[in-house]
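Me: Can we go through the aromatic contacts in this one? Keep it brisk.
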Number of protein chains: 2
Amino acid sequence: MAEETNENKFKAPRGTRDFSGSEKRLRDAIIQTIREQFERYGFEPLETPAFENLAVLTAKFAGGDEILKETYSFKDQGGRDLGLRYDLTVPLCRFVAENNSLAMPFKRYAIASVWRDGPLKKGRYREFSQCDADTMGTASLAADAELASLAASILSGLGLNYSLKVNNRKLLNGLLIGAGVPREMLSDVILSLDKLEKIGENAVKKELEEKQLPAPVAQRVLSTLSPQATLEALTALAANDDAKAGLAELNEFFSYAKEYGCADKLVFSPTLARGLNYYTGMVFEGFLNNGAKIGITSSICAGGRYDELIGGFVKESGGAERNVPAVGISFGLDVLLEALKAQGTTLGERTGLAVFVIPIGDALPAIRACQQLRSAGINTGIDLAGRGVSKNLAYAVKRGAKYALIIGPNEIKEGKATLRDLNSGEEKLLSIPQVCDALR
Amino acid sequence: MAEETNENKFKAPRGTRDFSGSEKRLRDAIIQTIREQFERYGFEPLETPAFENLAVLTAKFAGGDEILKETYSFKDQGGRDLGLRYDLTVPLCRFVAENNSLAMPFKRYAIASVWRDGPLKKGRYREFSQCDADTMGTASLAADAELASLAASILSGLGLNYSLKVNNRKLLNGLLIGAGVPREMLSDVILSLDKLEKIGENAVKKELEEKQLPAPVAQRVLSTLSPQATLEALTALAANDDAKAGLAELNEFFSYAKEYGCADKLVFSPTLARGLNYYTGMVFEGFLNNGAKIGITSSICAGGRYDELIGGFVKESGGAERNVPAVGISFGLDVLLEALKAQGTTLGERTGLAVFVIPIGDALPAIRACQQLRSAGINTGIDLAGRGVSKNLAYAVKRGAKYALIIGPNEIKEGKATLRDLNSGEEKLLSIPQVCDALR
C-alpha cells in the first residue's frame, strides 16, 4: 500500500493514462472508422452522462455485486448518491426505461469512457473506452446478422486479418441438457466449457467434476461439444426444443450473413459462450487470425443477444411492463490500437502536421502562405518562437511534420517558397499554389 | 431540498443530460468542425483522464476556492483522493508539469466533458463540454494572432455571423494606473469595467465607488475607458510603460491578423477584460452579431494570454523552475449548438439515416441491396422487425430517413427497387447502382 499512497500526486491517477501525439491520433482515427460504420448501418448516436444515480448502477438487472465493488461512487452537494458508469449498457437500459416513446427497433451507438476501480494488470486500466452498438426492440435474427456484418465492415475497414466466432446459447443449452446437465447447472458448465481452447479438455473435465457434475455426464458433454464439432454433426444430436431452436436461429443467421457478404469471416464455434450470464441467443466474438504471432490473443470485439435485460430494468425502474429484446456488440479500443500498432498502420497520420512554415526575417509573408495552406485544407504549423531556420527544422521534425516551407528574402523576391522534404532533404522552389497541389 | 431528493432515481442525474438523435448529431458535427480546424492549425490532440488526483485540482495555481466547492471528489479503493476535472486547463498544466521534454512551443487541443456541482440555471449544467486549444512555451504575439485566426476559421466554418472582440490587459492596466487607480485595486476595477456594456456607466460608477475608488479617479477611469474609445484615441493617452507595451502588442497582433485575413472580424474593445484574474496580455471574446435577435448574447468563445499559470504550476508540483508562457481559447459547445439550431442549420444531417430498405416477402434480396448501399458509403437502415410496408414507412419517417427503398416480388422480377421520396411521396423504379448514384 505504501507504494500506492506515496506516489507523486501531480501525475495522472493510478490506472489512468494521458493520450497524446501519434497514439492519440491513432485512437481518434480508429474511433472515427468505427463511428462511420455505426452510422453507415443506421445506428443513432447516444451520449449519456459520465455518472448515474447510484440506484441505477446498483439495480437488480444492472452489473451485479462484483462490478459494484469496482464502482467509483460519491455524493453531490444535494446529498444524492452518484456513481461513475462502469459500462455503457446500464446507461442504455436506463435511457430506454426513461423514454418509452422511442421508435422501435431503437438502434443506438455509444463511444465513451467507463471507469472501474479494479486491480491493475497489463492492458487493464481504471479508465478505458468502449465502442458499443445495440439494437433494441426486435427479436429478429436479421438484427443479429446486421451486427455481424457491421463487425466485418469495421474490422475489414481497419485492415485487420480476423475471424468472427459465432454460436448460439439455445443450442448450447439444448445440447448440454441432452447430455444430462441439470438446468440449474447450465451456467456453471458453460463457464467451464468456454475455457476449452485455453486450458484444454482435461482441465475442463476436472473443473466440471469439481462443480459436482457426475462423471458420465461430464464425459458426454465433452464428447458432444468440442471446439471442432461441425454444425452438421451437432444437427444430428439436436433432439430437444432448445437445441432445435438454436439450430434454426443459426441457420437463419447464416443465410442473412451470406447476403451481407460476411459469411466467409464467420466461424461456427460450438463451445463459445461469452462469460456473461445475460446472453440468451446468438453470441459472437472476434479474434485476430495472426493474434498469436503478434501477442494479441484476446478478443477484439464481442457481443450477443440479451432479450431479458432491458425489460427487467424497465420493470424494476417502475416503468410499465415492456418486453425489450436486444442484441449488441462492443469493440475494444485498446486492443484494436495494439493490433494496428503491431502491424505498422498509417491510420491517423493524415490528421497530424503536414507542413511547418519557417520565415527568414519578415514573418508576414510566411503568415500569408500559412493562411493559404490552411485554407487549402492542409494541416500547417508555423514558427511561433522567432527561432532560426535550423532550430525550426529540428522542431518540425520533432513535431512529425513531413515538409518544411522556408520563406526568406530570396523566396519573397521570386514570389515563391522553398519546400523541403524532411526525410530526404530534397528542396524545391515553388509558388504557394504549387505547394498546395504538392501537399494535397 | 425535498424536491431534490425525491426525484426519480432512474433518470439521468440532476444537472446532466442525455443527447440523442438529431441533437447529438449536430453536437458531433460541431465538434468535428472544431477538431478539423484545430488540426488544420497544427494543434495536437491531448486526452487526459476524467478525474485527477485531488492535489492537482486543489493546487495553488489551479482553479481556486470557488471552484473547489463545485468539485466532485471521492476516494478510490487504495484510499487516494480523486476529483472530477472542472476544466481542461488544470489537467493541461499537470501534463506539462509531468512531461518536461515536450517539443516547445507545445500546441494541444482537447474536446471533452468537465463537471461542476454548482447551482443550476438556464443553460447551466453539471456536466458540460469544453473545446480548448492552447499554445504553450512562447510569448510571441504570433501565437495570439494564430488563435484569433483559428477562431475565425471555426466560426466562419460553422456559418455564423460573429465578431471577435479583442483587448490587451497591459493596456488596460496602464490606462487605469494612468487614471490614478492603485495597483492593488486593478483587478477589482477591471471586474467592474467588464460590465460596462451590460449594466451601463452609472451602475459601474456606483460599483467603483462602493469598492472605495475615489470619485475623481472613478470619473477619470470612465472618461478614459468607454466601449467606444478608439485605439487612436487611447494611443494618445498611453503614457506609462504598461500602456505602451499593451499598445505595441495590439499593433503587432493586428498586423499578423491582417495577413491571416481575419482582421475584418476583429473589434478592438477597450473595456473587455474577461473575468479571470490570470490573464496577462491579449484577451479575446467572440459574440454573435445577430445574438440579440436570437436571444444569445453570451460569448461563443473566449480566451487570452496567461503567462504565469503553467510555470507556477510546474514549480508548485516540485518540478524545476520553468517559464511557460501560454495563450489559449475555448469554444462553448452548448451556445454554438443553440446558435446553429436558431438559424436552422443542416449540419449533422449527413450522418443521419439516408435511406431505409423495406422488403416485401423475401428478406434476402433486400439485405443484398442494403449491403450494396452501405458499401457505397450511404447510411442505410433495413427492416429488422418483419413489419408490413406501411408500418415500415412510418418508422422510416420517424427515424428521419429521406428515402425508403421498397423491394418486393415485382421489383425482384425486374432486378430493380422502388425508391420512394418520403417527403414528396414520389417513386422511381431503379437498379441498385442507380439508387446509389441518386443518393450519393
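Reply: Ground rule: rings of Phe, Tyr and Trp (its six-membered ring) pair if their centres lie within 6.5 Å; planes under 30 degrees apart are stacked, over 60 edge-to-face, the rest tilted. This is a predicted model, where local features need pLDDT of at least 70, side-chain atom pairs count only at pLDDT 80 or more, and totals for chains, interfaces and linings use all residues. Residues are numbered from 1 along each chain as its sequence is written, chains are lettered from A and ligands numbered from 1 in the order in which they are written, and side-chain values use heavy atoms, leaving out hydrogens and water.

Me: Which residues form one aromatic cluster?
Reply: A:Phe51, A:Tyr72, A:Phe74, B:Phe51, B:Tyr72 and B:Phe74.

Me: How many aromatic pairs over all chains?
Reply: 27. In one of them, A:Phe51 and A:Phe74 have ring centres 5.7 Å apart and planes at 90 degrees, so the pair is edge-to-face.

Me: Is A:Phe51 buried or exposed?
Reply: Buried, at 1% relative accessible area. The cut-offs: buried is under 20%, exposed over 50%, partly exposed in between (1.4 Å probe, protein chains only). A:Phe74 is buried too, at 6%.

Me: What about A:Phe74 and B:Tyr72?
Reply: Their ring centres are 5.6 Å apart with planes at 65 degrees, so that pair is edge-to-face. B:Tyr72 is buried, at 2% relative accessibility.

Me: New topic. Where does the charged end of A:Arg27 sit?
Reply: Over the ring of A:Phe19, 3.7 Å from its centre. That needs NZ of Lys or CZ of Arg within 6 Å of the ring centre and within 35 degrees of the ring normal. In chain B, B:Arg387 lies over the face of B:Tyr395, 5.1 Å from the ring centre.
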